[in-house]
Amino acid sequence: MANVYALLLLLDVALVVCALIDCWNADEDKIRVAPRGGWTFAILLISPFAAIAWFVKGRPIAQVRLRERPVMIAPDDDPEFLASLGKR
C-alpha cells in the first residue's frame with residue numbers, strides 16, 4: 001500500500017512541477033482568469049486540483065492560423081467565362 005501512496009505522491013509532484021514551469025513560461029498578458037502570482041500560489045497551495053485547473057482554465061489559448069480558402073466563382077458570375085461564351 002505504501003508503494004501506491006509513493007506513486008501518487010510522485011505523480012502529484014510531477015503535475016505540480018509541470019504546471020509551475022508552464023505557468024512561468026507563459027506570457028503574462030495571455031494568462032486567463034488570474035495573474036501569474038495567483039496561479040503560482042494556488043498551484044502550490046491546492047496541490048493537484050489547482051494544477052489541473054491551470055491546464056484547463058488558466059493556460060493561454062494557442063492562436064491557430066487558418067489557411068486561406070480559394071475563392072470559387074460560379075460560372076455565371078465569372079466575366080471571363082461569360083466573355084468566352086460570347087466568342088463562341
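Biologist: Arginine 59 first: buried, exposed or partly exposed?
Modeller: Arginine 59 counts as partly exposed, because its relative accessibility is 37% (buried is under 20%, exposed over 50%, partly exposed in between; 1.4 Å probe, protein chains only). This is a predicted model, in which local features need pLDDT of at least 70, side-chain atom pairs count only at pLDDT 80 or more, and totals for chains, interfaces and linings use all residues. Residues are numbered from 1 along each chain as its sequence is written, and side-chain values use heavy atoms, leaving out hydrogens and water.

Biologist: Which residue does arginine 59 form a salt bridge with?
Modeller: Aspartate 22, with the closest N and O atoms 2.8 Å apart (a salt bridge needs a Lys or Arg side-chain nitrogen within 4 Å of an Asp or Glu carboxyl oxygen). Arginine 59 lies in the loop between H3 and helix H4 (79-87) and aspartate 22 in helix H1, so the pair ties together parts 37 residues apart in sequence (helices are DSSP runs of H or I, at least four residues, numbered from the N terminus).

Biologist: How many salt bridges does the structure hold?
Modeller: Two. Glutamate 28 forms one with arginine 36, where the closest N and O atoms are 3.5 Å apart.

Biologist: And arginine 36, buried or exposed?
Modeller: Arginine 36 counts as buried, at 12% relative accessibility.

Biologist: New topic. What is in the largest nonpolar core?
Modeller: It has 12 residues: Val16, Ala19, Leu20, Cys23, Ala26, Ile31, Trp39, Ala42, Ile43, Ala50, Ala51 and Trp54 (such a core joins buried Ala, Val, Leu, Ile, Met, Phe, Trp, Tyr and Cys through side-chain atoms within 4.5 Å).

Biologist: Which helix gives the most?
Modeller: H1, with four residues.

Biologist: What is leucine 20 in contact with, sequence neighbours aside?
Modeller: Beyond the four places either side in sequence, Leu20 is in contact with Thr40, Ile43 and Leu44 (heavy atoms within 4.5 Å). Threonine 40 sits in helix H2 and counts as buried at 12% relative accessibility. With the same exclusion, the contacts of threonine 40 are Leu20, Cys23 and Trp24.

Biologist: How many aromatic pairs does a search of the whole structure find?
Modeller: One. The ring centres of tryptophan 39 and tryptophan 54 are 5.4 Å apart and the planes are at 70°, so this pair is edge-to-face (Phe, Tyr and Trp rings, six-membered for Trp, pair with centres within 6.5 Å; planes under 30 degrees apart are stacked, over 60 edge-to-face, the rest tilted).

Biologist: Where do the two tryptophans lie?
Modeller: Tryptophan 39 is in helix H2 and tryptophan 54 in helix H3, so the pair ties together parts 15 residues apart in sequence. Both tryptophan 39 and tryptophan 54 are buried.
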